[in-house]
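I opened my notebook to look up a few contacts in one protein model.

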Amino acid sequence: MIIDNGLLIGRPDGMESAVSSFLKVCRCANFFRDLNDFKPIEDSPEFILVLQHWSDEYTQTQVDELLNRFPLSRVVCCYGPWCQSDQRTRQIWPAALRVPIHQIQERIELECKVLLGNVLPIERTAGLDEVFAFQHQLPDNKI
């Protein structure tokens, strides 16, 4: 376990591998099925994993509220196959935060390295070239 305080948002059905990978690294994790339900949380989680099953499942307002409320939290939106083309036609989630379900295990491991201070974090506003470089780091690429 690496993460003391995690937050999981979304429906877990069909994304059990993402949920399992997330829970393996969390000492304590809160779970909410909807982006509107997490308002009672007072502490900022270290890591937030949002599960997205279809395009426009979350509105721009919901995503902006989440990112503004937890500016220091590591946030990742794990998206399913129905969301593959979202980055072409939608800009709701920043590209730096979007990860397809088949790459979530590696991204969670990478985010844990960021939280441990072993890897430099990617900025939420990073361009696609920076996203690629971050996600495809060599194992020995350290600070």
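My entries below go from the central strand to the rings, the charges and the cysteines.

**Ground rules**

I am working with a predicted model, where local features need pLDDT of at least 70, side-chain atom pairs count only at pLDDT 80 or more, and totals for chains, interfaces and linings use all residues. Residues are numbered from 1 along each chain as its sequence is written, and side-chain values use heavy atoms, with hydrogens and water left out.

**Entry 1: strand E3**

I took helices and strands as DSSP runs, numbered from the N terminus; a helix (H or I) needs at least four residues and a strand (E) at least two. For burial I used relative accessible area: buried is under 20%, exposed is over 50%, and partly exposed lies in between (1.4 Å probe, protein chains only).

How many residues of E3 are buried? I found 6 of the 6, so E3 is largely enclosed by the rest of the structure. I then checked its two faces. Phe47, Leu49 and Leu51 are buried on one side. Ile48, Val50 and Gln52 are buried on the other.

Next I looked up the partners of E3. Two strands pair if DSSP finds at least two bridges between them. E1 and E3 run parallel and are joined by 4 bridges. Here Ile9 stands opposite Val50 of E3. E3 also pairs with E4 in the parallel sense, over 6 bridges. Gln52 stands opposite Tyr79 in E4.

I followed the chain through E3, H2 and E4. They make a right-handed β-α-β unit. Right-handed means that, with the strands pointing away from the viewer, the path from the first strand over the helix to the second runs clockwise.

**Entry 2: aromatic rings**

I counted rings of Phe, Tyr and Trp (its six-membered ring) as a pair if their centres lie within 6.5 Å. Planes under 30 degrees apart are stacked, over 60 edge-to-face, and the rest tilted. The search gave 2 aromatic pairs.

Phe22 and Phe47 make a tilted pair, 5.4 Å centre to centre with 45 degrees between the planes. Phe22 is in helix H1 (residues 16-24) and Phe47 in strand E3 (residues 47-52), 25 residues apart, and the pair links these distant parts of the chain. Phe22 has a relative accessible area of 0% and so counts as buried. Phe47 is buried too, at 0% relative accessibility.

Tyr58 and Trp93 make an edge-to-face pair, 6.2 Å centre to centre with 90 degrees between the planes. Tyr58 lies in the loop between E3 and helix H2 (60-69), and Trp93 in the loop between helix H3 (86-89) and strand E5 (98-100), so the pair ties together parts 35 residues apart in sequence. Both Tyr58 and Trp93 are buried.

I also looked for a charge over a ring: NZ of Lys or CZ of Arg within 6 Å of the ring centre and within 35 degrees of the ring normal. The charged end of Arg98 sits over the ring of Tyr79, 3.9 Å from its centre.

**Entry 3: salt bridges**

Side chains of opposite charge can pair when their charged atoms come close. My cut-off was a side-chain nitrogen of Lys or Arg within 4 Å of a carboxyl oxygen of Asp or Glu. The whole structure holds 4 salt bridges.

Asp4 bridges to Arg27, with the closest N and O atoms 2.0 Å apart. Asp4 is in the segment before strand E1 (6-9) and Arg27 in the loop between H1 and strand E2 (29-32), 23 residues apart. Asp4 is partly exposed at 41%. Arg27 is exposed at 53%.

Arg74 and Glu111 meet at 2.6 Å, N to O. Arg74 lies in strand E4 (residues 74-79) and Glu111 in helix H4 (residues 104-116), so this pair ties together parts 37 residues apart in sequence. Arg107 also bridges to Glu111, at 2.8 Å. Arg107 and Glu111 both lie in H4, 4 residues apart, about one turn of the helix.

Which residues are linked in a network of salt bridges? I noted Arg74, Arg107 and Glu111. Arg74 is buried at 14%, Arg107 at 3% and Glu111 at 0%.

**Entry 4: cysteines**

A disulfide is a covalent bond between the sulfur atoms of two cysteines. I required the two sulfur atoms to be within 2.5 Å. The count is 0 disulfides.

Cys26 is buried at 6% relative accessibility, and Cys77 is buried at 0%.
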